[in-house]
Amino acid sequence: MGTAGDSEKKPTVVFVLGGPGSGKGTQCANIVEHFGYTHLSAGDLLRAEIKSGSENGTMIQNMIKEGKIVPSEVTINLLQKAMQDSGNDKFLIDGFPRNEENRAAFEAVTKIEPAFVLFFDCPEEEMERRILSRNQGREDDNIETIRKRFKVFLESSLPVVEYYDSKGKVQKVDAAKPIDEVFEVVKAIFTPKDEKVAV
Ligand SMILES: Nc1ncnc2c1ncn2[C@@H]1O[C@H](COP(=O)(O)OP(=O)(O)OP(=O)(O)O)[C@@H](O)[C@H]1O
Ligand SMILES: Nc1ccn([C@@H]2O[C@H](COP(=O)(O)O)[C@@H](O)[C@H]2O)c(=O)n1
Ligand SMILES: [Mg+2]
């Protein structure tokens, strides 16, 4: 997998965006099962980096506790390494880019443009309910951090979605519905046009 070479074919990247608790991870797991993508969650990679005892661990942990966005260089390094290690050429990059700095740095470093952006649209009250009953022991799944994450989402992440929307690259999905119903819509987005059955 090359990310910057001119002669090598570039990998296919789909950015999966949406507010905290909108269901990005849940739907990515379904997409992987049906469509052969590798799922890379930026948040999961950062949490694994903390666990690994890396020199950036304490900084990352503090940023996550505050709902802040880790410097792009750190996250992009983790993403690039995971892409190389995967052996695949199709990636769902979940929870990235989270701000304009993430977006511009990824493009500059990898020269990869996303095929499209899958955007899960969900009301805040529903996202809050889901996070508070998630029970995965995440240090940022408490009401104080959740409020901060919502603020960062509105102020820094939504403008990235709007940027891609202005380029006609956003596939917006109503994520407030039950998991199976959301996946029916997602499935139609990933199914090649010539395989779709006319009704
Ligand atoms: N459509 C849905 N309806 C009800 N519950 C859902 C739905 N989608 C996901 N959930 C549940 O909501 C919680 C959050 O989902 P998930 O972890 O996939 O969200 P996320 O967007 O990845 O969140 P984060 O940004 O915090 O990582 C999980 O407990 C999941 O089982
Ligand atoms: N591009 C990113 C993605 C995530 N973070 C940090 O991780 C936290 C959890 O992310 P989830 O996608 O798992 O919800 C997030 O609140 C950020 O602190 C990041 O810095 N950059
Ligand atoms: Mg997630």
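I counted Ala, Val, Leu, Ile, Met, Phe, Trp, Tyr, Cys and Pro as nonpolar, Asp, Glu, Lys and Arg as charged, and the others, Gly among them, as polar. The model I worked from is predicted.

**Ligand 2.** I sorted the shell around ligand 2 by those classes. It divides into eight nonpolar, six polar and four charged residues. I then looked up which of the 18 residues come nearest to the ligand. They are Ala 42, Gly 43, Val 70, Gly 95 and Arg 98. I found helix 2 (42-51) and helix 3 (57-65). Helix 2 has the largest share, three residues.

**Helix 2 against helix 4.** I followed helix 2 to its packing with helix 4, residues 72-86. The angle is about 100°, and the axes are 10 Å apart. Angles of 65 to 115 degrees count as roughly perpendicular, so helix 2 is roughly perpendicular to helix 4. From helix 2, I listed Ala 42, Leu 45, Leu 46 and Glu 49 in the contact. From helix 4, I listed Thr 75, Leu 78, Leu 79 and Ala 82. By class, this contact has six nonpolar residues, one polar and one charged.

**Leu 79 and the core.** Which residues does Leu 79 touch, leaving out those up to four places away in sequence? I noted Leu 40, Ala 42, Leu 45, Ile 93 and Phe 96. I then turned to the largest nonpolar core, which has 40 residues. Leu 79 is among those with the most contacts inside it, along with Phe 15, Val 16, Leu 92, Ile 93, Val 117 and Phe 119. Strand 1, residues 12-18, gives the most to this core, with five residues.

Definitions and conventions
Residues are numbered from 1 along each chain as its sequence is written. Chains are lettered from A and ligands numbered from 1 in the order in which they are written. This is a predicted model: local features need pLDDT of at least 70, side-chain atom pairs count only at pLDDT 80 or more; totals for chains, interfaces and linings use all residues. A residue is near a molecule or strand if its C-beta atom, placed from the backbone, lies within 6 Å of it. Helices (H or I, at least four residues) and strands (E, at least two) are DSSP runs, numbered from the N terminus. Axes are lines fitted to C-alpha atoms, for helices over the stretch in contact, and angles run from 0 to 180 degrees between N-to-C directions. Angles under 35 degrees count as roughly parallel, over 145 as roughly antiparallel, 65 to 115 as roughly perpendicular and the rest as oblique. Two residues are in contact if their C-beta atoms, placed from the backbone, lie within 7 Å. A nonpolar core is a set of buried Ala, Val, Leu, Ile, Met, Phe, Trp, Tyr and Cys residues joined through C-beta atoms within 7 Å. A residue is buried if 20 or more other C-beta atoms lie within 10 Å of its own, exposed if 12 or fewer, and partly exposed in between; C-beta atoms are placed from the backbone.
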